[in-house]
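Please go through the structure shown here with the briefing that follows. The notes are grouped by topic.

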Amino acid sequence: MLTNVYIDGTNLYYGALRGTPHKWLDPRRMIELVFPHDEIQVIHYFTSAVRSVPTDPAAPIRQQAYIRALRSMPGVVVHLGIIRGRGSLREKMTDVALATRLVADASQHRFEKGIVVSNDADFVPAIICVRSEFGADVAVLNPAIRRRTQGDLETAATYVRKLRPIHVASSPLPSPLRDEIGLITKPVDW
């Protein structure tokens, strides 16, 4: 089945990667492990550029290396939102961008199945729209390893799968990678 993937990068990070040694993640490999019978066409990865904070001043440098690594991979498209606020930082425009891309691709019949990698119920209206208006399947891959899938997501999706630690641990990106700028290496503390 021709499949496009829509990854909520922040949800994936906080649900499955934070605090693990598996942040240098190959999203295609991870998806292929969970959905081995699907033909993955495009992976859309949505995230926002992180800011340096006193407790982790190198966070932006690590994230930039990872984004470069993702962009070097065929069939992976990175979409960047923004971080706003002071003290209490908020990610902006990534969820809406993901939902919009999902609906736009379905309206142009760019996939038979979409996979949304998130445990955020904000995607429910877009999933319902894709299924009811365009007749496409939408699976949800819940990356929140320690949390149940949001009930509204379970109801809206064609079906739900749960990301397991083995899927993440078995999906490292190679290091180094190369792009038009040069070598991209996994950050030492990842």
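**Briefing**

His-109 is exposed, with a relative accessible area of 61%; exposed means over 50% relative accessible area, buried under 20%, and partly exposed in between (1.4 Å probe, protein chains only). This is a predicted model, in which local features need pLDDT of at least 70 and side-chain atom pairs count only at pLDDT 80 or more, while totals for chains, interfaces and linings use all residues. Residues are numbered from 1 along each chain as its sequence is written, and side-chain values use heavy atoms, with hydrogens and water left out.

**Overall fold**

- The protein chain contains 7 helices and 9 strands; these are DSSP runs numbered from the N terminus, with helices being H or I of at least four residues and strands E of at least two.
- The radius of gyration is 16 Å, which agrees with the value near 16 Å for a compact globule of 190 residues; it is taken over C-alpha atoms, and the globule rule is 2.2 Å times the number of residues to the power 0.38.
- The C-alpha trace spans about 45 × 35 × 30 Å along its principal axes.
- Of the 190 residues, 46% count as buried.
- Among contacts with a separation of 6 or more, 71% are between residues 24 or more positions apart; contact means heavy atoms within 4.5 Å.

**Nonpolar cores**

- The largest nonpolar core has 32 residues, and Leu-12, Trp-24, Ile-31 and Leu-141 have the most contacts inside it; such a core is a set of buried Ala, Val, Leu, Ile, Met, Phe, Trp, Tyr and Cys residues joined through side-chain atoms within 4.5 Å.
- At least two residues of this core come from each of β1 (2-8), α1 (9-17), α2 (27-34), β2 (39-48), α3 (59-71), β3 (76-84), β5 (113-117) and β6 (137-142).
- Helix α3 supplies the largest share of this core, 5 residues.
- A second, separate core of 19 residues includes Tyr-6, Phe-123, Val-124 and Ala-126.
- Leaving aside neighbours within four places in sequence, Leu-141 is in contact with residues including Met-30, Ile-31, Ile-115, Val-117, Arg-161 and Leu-163.

**Second largest pocket**

- This pocket holds about 160 Å³ of space; grid points are joined across faces, edges and corners, and the volume is the space filled by probe spheres set on the points.
- On a 1 Å grid over the protein atoms alone, a pocket is an open set of points where a 1.4 Å probe fits, with protein on both sides within 12 Å along at least five of seven lines.
- Its lining (residues with an atom within 4 Å of a point) includes Tyr-14, Arg-18, His-22, Ile-145, Arg-146 and Val-168.
- Helices α1 and α7 (165-169) each supply at least two lining residues, and α1 gives the most, with 4 residues.
- The lining has 6 nonpolar, 3 polar and 2 charged residues; Ala, Val, Leu, Ile, Met, Phe, Trp, Tyr, Cys and Pro count as nonpolar, Asp, Glu, Lys and Arg as charged, and the others, Gly among them, as polar.

**Individual residues**

- Arg-62 lies in helix α3 and is buried, with a relative accessible area of 12%.
- Not counting residues up to four places away in sequence, Arg-62 touches Asp-56, Pro-187, Asp-189 and Trp-190.
- His-109 is in the loop between α4 (94-107) and β5 and has a positive phi of about 55° although it is not a glycine.
- Ser-175 and Pro-176 are joined by a cis peptide bond with omega of about 5°, and Pro-176 is in the loop between α7 and β8 (177-178).
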